Amino acid sequence: MRRYVVDRLLGMVLVMLVVATMAFLIVRVIPGDPAGIMLGPDATPADVAGLRTRLGLDRPIPVQYVIFLRDLVVGDLGQSIFLGRSVLQALADRTEPTLALTLMATLIALAIGIPAGIVAAVRRGGALDQTTRGLAMLGASIPSFWLALLFMQTFAVALGWFPVAGYGEPGAPFLERMRHLIMPAVVLGLISSALITRFTRASMLDVLGEDYVRTARSKGLAERVVVMKHALRNAMIPILTVVGLTVAVLLGGAVVTETVFGLPGVGNLVVQAVLRRDYPVIQGALIVIAGIYVLVNLVIDLLYTLIDPRVRYR
Amino acid sequence: MRKILTASLAGLLAAGAATAALAQEPRRGGVINVATIGEPPTLDPSVSTTDVVGMISLHYFETLYTFGTDWKIVPLLAAGDAQISDGGKVYTIPLRTGVKFHDGSTMTSADVVASLKRWMDVAVRGKQAAAFITDVAAPDPNTVRITLKEPYAPLLSLLSLPTSAAIVVPASKAQAQLAEIVGTGPYRFRERQPDRYVLLTRFDDYVARDDAAQVYGGKRTAWLDEIRFVPVPNANTRVEGALAGQYAYADSLPVEAFPSLRGQARTEPVVLAPFGWPVMTINTRQGTLANQGVRQAIQTALKPSDMLEAAFGDKAFFKPEGALYAEGFIWHSKNGVEVYDQGNAAKAREMARAAGYNGQPIRILTTQQFEFHFRMAQVAVEYLRQAGFNIDLQVSDWATLTQRRTDPALWEAFFTHSPFLPEPALNGYLNDQSPGWWSTPERNRLVAAFNQESDTAKRVAVFADLQKVVFEQVPIIKIGNFNALAAKSPQLQGLTPAAWPFFWNTWLKP
Amino acid sequence: MTRLRTAALFVWRNKLLTLAIVLLAIVTVLAVFAPLFAAFEPGAMRIARRLRPPSDVHLFGTDEFGRDVFARVIHGGRISLAAGGLTVLFACAGGVVLGILAGFYDRADRVIGKVVDGMMAFPDILLAIALVAVLGPSLTNVVVALGVVYMPRVARVVRASTLVIRELPFVEAARALGVPTHRILSRHVLRNLASPLIVQGTFIFAYAILAEAGLSFLGVGVSPETPTWGNMINAGQQYARQAWWIMMFPGVAIVICVFSLQIIGDALRDALDPKLRRTV
């Protein structure tokens, strides 16, 4: 067990190294002089040279890489040029809406996806299965930005049920901020519920075919008990995996949805940073978002060992 | 019949006056949210020419002069008009006394001298002026004297503009990079959360002028307790937010939104007419379009009225007018405008061939960040292709475009727009250092005469000649005039539509 | 013959699948033969006819330049489908190479495995945005970026299948007999990879269409002058109130394509995965 955890942690460090290296390289190979683009047309050559020195862009790439890794280890992601604060601070300012949005959307997705998947599996091949699968597929086929625009037109503009955009006024209370997240969360939740439905259905089908389920049935247990007690518990493990995958989908979806709804989240920050050529922010956000994903999946892997004793002996 | 009409009209007017009187009782207090086009890159308007920076900083920084009705230059921190002597080379500016900075100190001529020197050092327009300035001095605590090398008529306009602005800050805080936001304005800077808001609160010790308010000039009263500038980069979201009543003021809306803003309970349209003019600037220094004949062919091929219609839709929002200044400005002239809005593909093809054009690619830069630029560019491309031009439309973000246009090797033309600047000399095409680099003997002679002349009537005549040369040599192609659209809450009273919106003298109706 | 009949029966029973195939066929035919079906040039501007609602002349109405939205949607379909298809090819080509290397050579596996894990830690759209920012916005670069984004998925599937195939008795036998590795690869491994690749490719096709639209919408995709579905929605959002048709029809086209592809992918998986067939 301990060995397994240590292995997993070591693996995670290696993956994060790959992630950090990719983020570093992506930002370094962007064509043109980042310093010049960032400062805009009114900058003097001296300003540009100053910024290049400040960013360390005047040193050879391998040296930059070593410095970058050294800073990263102590949690220093550099300075945002546009925002005038550290990248870590800029990201920290944006985490609340993104985390809350991801959490709300995950809950909505699970609330829709798991029951729908169970029903579809139990009624495999039937009309209900076909309908559920059809709807789930439809959900996964709608571009999130398009659905977001349609929702905005319908529920915010025409019906006035929700605020159109933004994250509340400065100093808005928590509940008011959350009210601004409902519509974006429903958009994201609906879209990612499809993935959960599909996985739940598949793993329930696997489990329903297992011997112990047949045994339970043959013992004359009610179908409801068989499904909910025996099958679902075992089907939860693969479902847990998909929750991890969903986090990635949602973090990506947040990039688009936050932009449409004008939420001051991490996703919005990245899009703005690309438009503003704020390279340290792009680099930092890539690392942090990928880091969250890696962490969530590590936690899920470790949860497996608690839920499913078989994994321990792997 | 006529009598009845007059009578009912009089009745209407009386009723209108009564409601107006009721509504015109200003009230202290209240908080407004203002949706802006995006996050300001800085809070210091001297280092930036960005309009959103000017619009926000107008509330906390002030300049010696500013613009009143019809863009007339009126004093703000100056006590009165500048005395111009020595043939237009010495400006003696009296200062107001007792003006308080946000840090409690009182403004003196030392602060103004330090601020102007800073401006000449860090601001684009300040550097432009610095080339003519030999000295800035303070003969006494309430007077500032600017001495010039040669007469330079645009000086007072430069001192009045809110972008690349000659703001006045305490001498102790006049570093190139401002460490603190300390001004003299009716509002003071409180807090900035990037991409969320910039928060301003009323400055209770504000010392206002006594003369009547006129646009940016005259008496300023801060009725509102707090103003929050909220960046909302998506134009569509600004419209929807205004419709939902989220913003007391939403800036710079796409004109297509006009019909949907009318007859609404929570918002109403604000139209600023005429606001400005979109323009295609041409690279006269290098490449295919350094050839004047090809430039003339392009002018002949384009159909600006179609470009305007695609860009602005509603005819109430644009006017196809070739003159460089709209009707109503003293600079307006019809000199040379016959060549505007031809859309003649056959003639253009002929002219281009005669000038030696045979299919060289023409790179046109544009951005989607200003939707109307992009739409005009698309129509232009269609017309130019029909006239046989080989067009390469390069779409990028605005920041990249402004970077790219500084290199004459990278482009042939780009789209931009400008408000009708009160002083023609401030326009990019009259500055041979700005992209386009138009510099011909005819132009240079007229521009020099224009800048040195201080008599307005004579300057108007020189500008009309300049306009004719613009149509002949085609350094730019003016597309037309357009009006700007914004939206405000019906509760917000006392708002004067202006190029850079401002919120002192406005209040919230209960 | 019996196989064919089984397939026909399968399709008949599965009405959703039938619907998906028919829809996809319609969209594909419209896109491929777009010039035959469109009465107007997709780029032809008629400013005087701008923002006309759908009518018998303009089936889907006109946009802000008076261009025919129907013509643009079906011409846009060519680009969107081509981008999706090329992305699949690119992702599969790269993914197969990486996957087989990882599946066959343990040392390669350790490196490739970590790189794949690292790449998959980025949300698709985010990595695509960053890559397009690096490469510059153009159709080719969008395909390359999306191909790189989906390559790790293919590599994972291929690696897993290769590991299974490697241990199959006939492959082991061939190796024991000294058959050169490239023969084993081409004769046994690639053939057995066909099923998982087809399934995976169908899904990537669907995701790539969505992602391309998303990139265009965010303004970091194919040049906005090009009539792709994402670009059309982006341009149309400003007219959502007075001309809903500009952004509605390209959106519906995306949904139809992606929906059909996913249904077909799902059906293929069911049909090609023996483990699931058992439970039918």
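**Exercise 1. A strand pair in chain B**

Which residue in E7(B) is the bridge partner of B:Val136?

Solution. The model is a predicted one.

Step 1. The bridge partner of B:Val136 in E7(B) is B:Ile146.

Step 2. E6(B) and strand E7 (residues 143-148) of chain B are paired in the antiparallel sense, with 5 bridges. The link from E6(B) to E7(B) is a hairpin through 2 residues.

Step 3. Now take the whole sheet. It is open and has 4 strands in the order E4-E5-E7-E6 (chain B), paired antiparallel. Strand E4 (83-85) and strand E6 (133-140) of chain B have a single partner strand each, so one side of each has no neighbour in the sheet. On average, neighbouring strands of this sheet are turned by 20° against each other, direction ignored.

Step 4. Helix H3 (residues 109-122) of chain B lies across E6 and E7 of chain B, and its direction makes an angle of about 170° with E6(B).

**Exercise 2. The contact of chains B and C**

Describe which parts of chain B touch chain C.

Solution. 

Step 1. Count by chain: chain B gives 18 residues to the contact and chain C gives 15 residues.

Step 2. List the elements of chain B that supply two or more residues to this side: helix H6 (235-243), helix H7 (258-261), helix H9 (304-312), helix H11 (371-386) and strand E15 (390-396). H11(B) has the largest share, with 6 residues.

Step 3. Sort the side of chain B that touches chain C by class: 8 residues are nonpolar, 4 polar and 6 charged.

**Exercise 3. The setting of one residue**

Decide whether B:Asn283 is buried or exposed, and say what surrounds it.

Solution. 

Step 1. Locate the residue: B:Asn283 is in the loop between strand E12 (268-282) and helix H8 (292-301) of chain B.

Step 2. Apply the cut-off: a residue is buried if 20 or more other C-beta atoms lie within 10 Å of its own. B:Asn283 has 27 C-beta neighbours inside 10 Å, and therefore counts as buried.

Step 3. Name the contacts, leaving aside neighbours within four places in sequence: B:Asn283 touches B:Leu289, B:Ala290, B:Pro408, B:Trp411, B:Glu412, B:Ala413 and B:Gly436.

Step 4. Compare with B:Thr300, which is 17 residues from B:Asn283 along the chain: their C-alpha atoms are 17 Å apart.

**Exercise 4. The domains of chain A**

State how chain A is divided.

Solution. Domain 1 covers 2-84 and domain 2 covers 95-264. Their C-alpha centres are 36 Å apart.

How values were computed:
Residues are numbered from 1 along each chain as its sequence is written. Chains are lettered from A and ligands numbered from 1 in the order in which they are written. This is a predicted model: local features need pLDDT of at least 70, side-chain atom pairs count only at pLDDT 80 or more; totals for chains, interfaces and linings use all residues. Domain bounds come from an automatic or database domain assignment. Two strands pair if DSSP finds at least two bridges between them. Axes are lines fitted to C-alpha atoms, for helices over the stretch in contact, and angles run from 0 to 180 degrees between N-to-C directions. Two residues are in contact if their C-beta atoms, placed from the backbone, lie within 7 Å. Ala, Val, Leu, Ile, Met, Phe, Trp, Tyr, Cys and Pro count as nonpolar, Asp, Glu, Lys and Arg as charged, and the others, Gly among them, as polar. A residue is buried if 20 or more other C-beta atoms lie within 10 Å of its own, exposed if 12 or fewer, and partly exposed in between; C-beta atoms are placed from the backbone.
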